[in-house]
Amino acid sequence: MPSRNRYQHILVDEYQDTNRAQYVLLRYLAGFKQNLAVVGDDDQSVFSWRGADVRNILDFERDYPNAKVVKLEQNYRSTQRILDAAHSVVRNNAARKEKKLWTDRQGGSDIVVMQAYDESHEAEIVAREIERLQREGEAHGTRDVAVLYRTNAQSRAIEDKFRAFGLAYQIVGGVSFYQRREVKDTLAYLRLIRNPQDAFALARVLNTPPRGLGDKTRAALLASAREHEISVGEALEKAELITTIPRRQQEALVAFGKIIARLRVSGEQLALPRLIDELVERTGYETYLKDGTEEGEERWANVQELRTLAEDYVALPQDEQLPSFLEEIALVSDVDEYQDAKPAATLITMHAVKGLEFPVVFMTGMEEGVFPHMRAIESGKESELEEERRLCYVGITRAKDRAYLTYARRRSLFGHTNMNPPSRFLTELPSEGVELRGDVETEERDSWAELDWERDRGRYEERKQARRDAMLAGLPGSWTGRATKQRTAVVSETRFRAGDRVIHPSLGEGMVVSSVARDDDEEVTVAFPDKGVKKLMASFAKLARAEGSLGR
């Protein structure tokens, strides 16, 4: 009882983020006095993976029947357009307290929804829009623009395109894609496969994952190389001759050397993406990362995103794929030139941005299976989908003046190419105050804005599903409402064929390497003299045959 009587008043902020233990503790401390005041927003409860339980705030009045509820609905950050869009999305959640934000900042710029044909094009239209905002004086520095994404792995395409455009950036709550530990580990393995004499790469991966090869063993390996005047790679091949370490470490070194030797053989036979697959399997790195934790899942996703990048090199001759890949990575991962530059944008995840605000916000990856995340869709739990929707609400309301939501028709992510329908959250946006640069339909807000939400929810849901079915009706057959692995390409009659000379509006003239049918589209691989090898979808790329092509 002393602890109950010790506090006359108990004040709790961010109550929507409290967990079960904190809930029980507060119930105990409040005791019979019921002297508890909490502040929170159930629409911003997005940390269930940390143990937060949104029911704590939703059931507060049940737990404390005499509680007085004060709704703080005035917003001092965003324009009314932005608030209306966010509310139009989040009100689709069943588990929430009814409220609607308003502001004195009436009107404002329309919400912009932009369609891209893949993640690279998506990053490009974001970069171009930032450049336009800079030219017109609407964006000036780091604190003006934020680019949001659901998972860290999505930042790779954005970072690469920003570098190409000369747009400096900063990453908040994380590190640059190529500086992430798991990416550097995988690249070190590839460097070692390419060059067994790379002592720095060997030092990085010798005990990653742990093999019992610590600093003493590494020092003995280096000493053996110096003593016999051979390279570190050669010393590894002769590890059984190192007598200054225990037999267990000798055997571990020999085993590691055999793994690298086998991978070198594979490197001469396999396409680069398959080599990465074999690398993470043979070395045990995949098992090492996939430890069942959220962090492990995120790290594995980054390795898969590196594999996605490797897909761009399969059109090259076998012996050029790995060296070209490593050379390119060496260039783009050198971020020193950006450290002194004034960042044009902040790159940040949807979760990490909570509590921050920016004049301009881009929300990328607005597709089913990306956002909402596939894990939430496949769980079959409405509570997980509702948390994803709250996360969308948080993202939109970070914007003060302008909000852009982007999605791609096809996306290579986590090592696979998916064709996903636009996010359900896009279909829940209001039709008023939204500028569409794509095909997605939005909510007919005017027809239901004045409905009694509890009484008419069922009728509203029927209309929303009908609109969604209509929207998906015109999309490729694989756009079924959830992410699906792209089907194996089936060769059929195509507009272009290997050897055709073509012209692209921005990439210039190039030669077709290959062309295959992809569902209802055509994927054309083109080698451009100054731009490298690019994969383009014919329906978007606006390719034209140059004079002298073979044609059909």
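A residue is called buried when its relative accessible area is under 20%, exposed when over 50%, and partly exposed in between, with a 1.4 Å probe and protein chains only. Helices (H or I, at least four residues) and strands (E, at least two) are DSSP runs, numbered from the N terminus.

The model described here is predicted, with local features needing pLDDT of at least 70 and side-chain atom pairs counting only at pLDDT 80 or more, while totals for chains, interfaces and linings use all residues. Residues are numbered from 1 along each chain as its sequence is written, and side-chain values use heavy atoms, with hydrogens and water left out.

**The chain as a whole**

The protein chain has 23 helices and 16 strands, and buried residues make up 53% of its 552 residues. Contact means heavy atoms within 4.5 Å; of the contacts in the protein chain with a separation of 6 or more, 71% are between residues 24 or more positions apart.

**A covered strand**

Strand E4, which spans residues 145–149, is mostly covered, since 5 of its 5 residues are buried. In a regular strand the side chains alternate between the two faces of the sheet. In E4, Val 145, Val 147 and Tyr 149 point one way, whereas Ala 146 and Leu 148 point the other way, and all are buried.

Two strands pair if DSSP finds at least two bridges between them. E4 is joined by 4 bridges to strand E7 (residues 358–363), and the two run parallel; here Ala 146 has Val 361 of E7 as its bridge partner. E4 is also joined by 4 bridges to strand E6 (residues 345–349), again in a parallel arrangement, and Val 147 stands opposite Leu 347 in E6.

Just after H7, Gly 166 takes a positive phi of about 70°.

**Two helix pairs**

Two packed helices are described by the angle between their axes and the distance between the axes. Axes are lines fitted to C-alpha atoms, for helices over the stretch in contact, and angles run from 0 to 180 degrees between N-to-C directions.

| Helices | Axes come within | Crossing angle |
|---|---|---|
| H12 (residues 247–267) and H13 (residues 272–282) | 10 Å | roughly 170° |
| H5 (residues 80–90) and H19 (residues 382–396) | 9 Å | roughly 180° |

The angle makes H5 roughly antiparallel to H19, where angles under 35 degrees count as roughly parallel, over 145 as roughly antiparallel, 65 to 115 as roughly perpendicular and the rest as oblique. In this pair, Ile 82, Ala 86, His 87, Val 89 and Val 90 of H5 meet Arg 389, Cys 392, Tyr 393 and Ile 396 of H19. The residues of this contact divide into 7 nonpolar, 1 polar and 1 charged, where Ala, Val, Leu, Ile, Met, Phe, Trp, Tyr, Cys and Pro count as nonpolar, Asp, Glu, Lys and Arg as charged, and the others, Gly among them, as polar.

For H12 and H13, the contact is made by Ile 259, Arg 262, Leu 263, Ser 266 and Gly 267 of H12 and by Leu 275, Glu 278, Leu 279 and Arg 282 of H13, and these residues divide into 4 nonpolar, 2 polar and 3 charged. Ser 266, in helix H12, is buried with a relative accessible area of 8%, and, not counting residues up to four places away in sequence, Ser 266 touches Leu 275 and Glu 278.
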